[in-house]
Amino acid sequence: VPVAEYLHALGRELELRYPARDRGGADTLYFGGGTPSLLGADGVARMMDIVTAHFAPVAGTEVTLEANPEDVTPHAVRAWRDAGINRVSLGAQSFDANVLAWMHRGHSPGRIEESVRALRGEGIENVSIDLIFAVPDVLARDWRADVERAVALAPPHLSFYGLTVEPATPLGKWRERGDVTEAPEERFELEFLGAHELLAGAGYEHYEVSNYGRPGHRSRHNSSYWDRRPYAGVGPSAHAFDGERRRWNVAAYAEWAALTSAGSDPIEGAENLSDANRRAEEVYLGLRTTDGLAVNDDEREVGAPWIAEGWATLTNGRLRLTPSGWLRLDSIAASLGSRIVDRESRD
């Protein structure tokens with residue numbers, strides 16, 4: 001891992017994009033979109049110094065680090081804690097050894113539990129565990145056992161993501177060759193709803209499609225995206241949003257590092273959101289959380305069939321999807337969003 005090179009490039013982008021006159025405090029800081037724990041204990045501490053020189057934490061700032069279980073040691077956790085990290089998102093993925101080997105993960109099921117103990121032992125209690133569901137049938141994975149083992153660790157937060165197959169990835173190529181078959185939609189639904197039932201019974205709030213938290217432990221950083229609050233983003237492929245305009249960086253690490261080190265903005269593209277874009281986003285992002293979406297009489301009429309199917313509820317003028325509805329989020333949001341945009345364009 002080119003730690004020094006990466007940190008130099010990161011610092012240069014911050015200097016280019018956020019000069020002293022634009023610096024301010026940060027309500028949340030999130031180090032992820034990759035695996036920053038690979039920087040090592042000292043590298044993470046130096047990264048924190050570089051970022052907080054531009055965006056200083058304020059009282060109660062949520063500072064999250066994504067980490068691989070194999071990178072979590074008492075020494076590393078002490079360094080992270082001393083640097084200001086107060087929340088860790090642990091990429092567990094599964095407690096099944098066969099699934100971890102198939103994913104080419106570098107940790108064992110037992111290492112996940114050791115990592116949680118190390119985090120708590122060194123003072124980081126706010127831990128989120130990530131798991132992946134709907135893996136191929138050939139792995140014969142017991143999903144309920146995975147969820148139960150995660151719940152037994154009593155983390156304040158859990159995130160569950162269905163396995164998706166992207167083109168031009170090893171998994172995509174395996175699928176094209178017929179070496180692996182994706183989980184059927186029926187099992188995807190059973191595992192999604194099964195996790196919901198189990199975690200609701202364990203006292204977790206299913207507050208967003210993929211996220212569960214104990215009371216008071218929602219991810220503040222992710223919630224800011226769903227609330228469409230402005231955010232800064234630096235690093236290869238990073239996105240930023242100022243409330244009106246989105247921009248994104250070049251994705252390739254080498255190109256990003258070369259541009260920033262040479263004093264050039266690594267921007268790849270940008271877009272100004274139209275009123276229709278913003279409204280469509282409000283619909284989609286509102287429906288993906290338990291806060292739901294404020295709707296008028298016409299929009300309630302559109303949502304009536306979903307309520308009849310048990311996919312949504314309407315309370316105090318807000319339309320909220322049920323877990324079964326979340327499985328159909330894309331189509332429901334597209335249907336309602338297009339109706340709203342069409343009506344507003346006529347108005």
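This is a predicted model: local features need pLDDT of at least 70, side-chain atom pairs count only at pLDDT 80 or more; totals for chains, interfaces and linings use all residues.
Let's start with the rings. A pair of aromatic rings is described by the distance of the centres and the angle of the planes. How many aromatic pairs does the count come to? Eleven.

Take one of them, Phe-160 and Tyr-212. Their ring centres are 5.4 Å apart and the planes sit at 50°. Now look at where the two residues sit. Phe-160 is in strand β5, residues 157-162. Tyr-212 is in strand β7, residues 211-213. They are 52 residues apart, so the pair links distant parts of the chain. Buried or exposed? Phe-160 is buried, at 4% relative accessibility. Tyr-212 is buried too, at 2%.

Next pair: Tyr-225 and Tyr-231. Here the centres are 4.7 Å apart, with 75° between the planes. That one is edge-to-face. Tyr-225 is partly exposed, at 33% relative accessibility.

Now charges over rings. Arg-214 lies over the face of Tyr-204, 4.0 Å from the ring centre. Arg-246 does this with Phe-241, at 4.3 Å from the ring centre.

Last stop, Gln-93. You'll find Gln-93 in strand β3, residues 87-93. Its relative accessibility is 12%; buried means under 20%, so Gln-93 counts as buried. What is Gln-93 in contact with, leaving aside neighbours within four places in sequence? Met-103, Arg-105, Asp-130, Leu-131, Ile-132, Arg-141 and Asp-146.

Key
Residues are numbered from 1 along each chain as its sequence is written. Side-chain values use heavy atoms; hydrogens and water are left out. Helices (H or I, at least four residues) and strands (E, at least two) are DSSP runs, numbered from the N terminus. Buried means under 20% relative accessible area, exposed over 50%, partly exposed in between (1.4 Å probe, protein chains only). Contact means heavy atoms within 4.5 Å. Rings of Phe, Tyr and Trp (its six-membered ring) pair if their centres lie within 6.5 Å; planes under 30 degrees apart count as stacked, over 60 as edge-to-face and the rest as tilted. A charge sits over a ring if NZ of Lys or CZ of Arg is within 6 Å of the ring centre and within 35 degrees of the ring normal.
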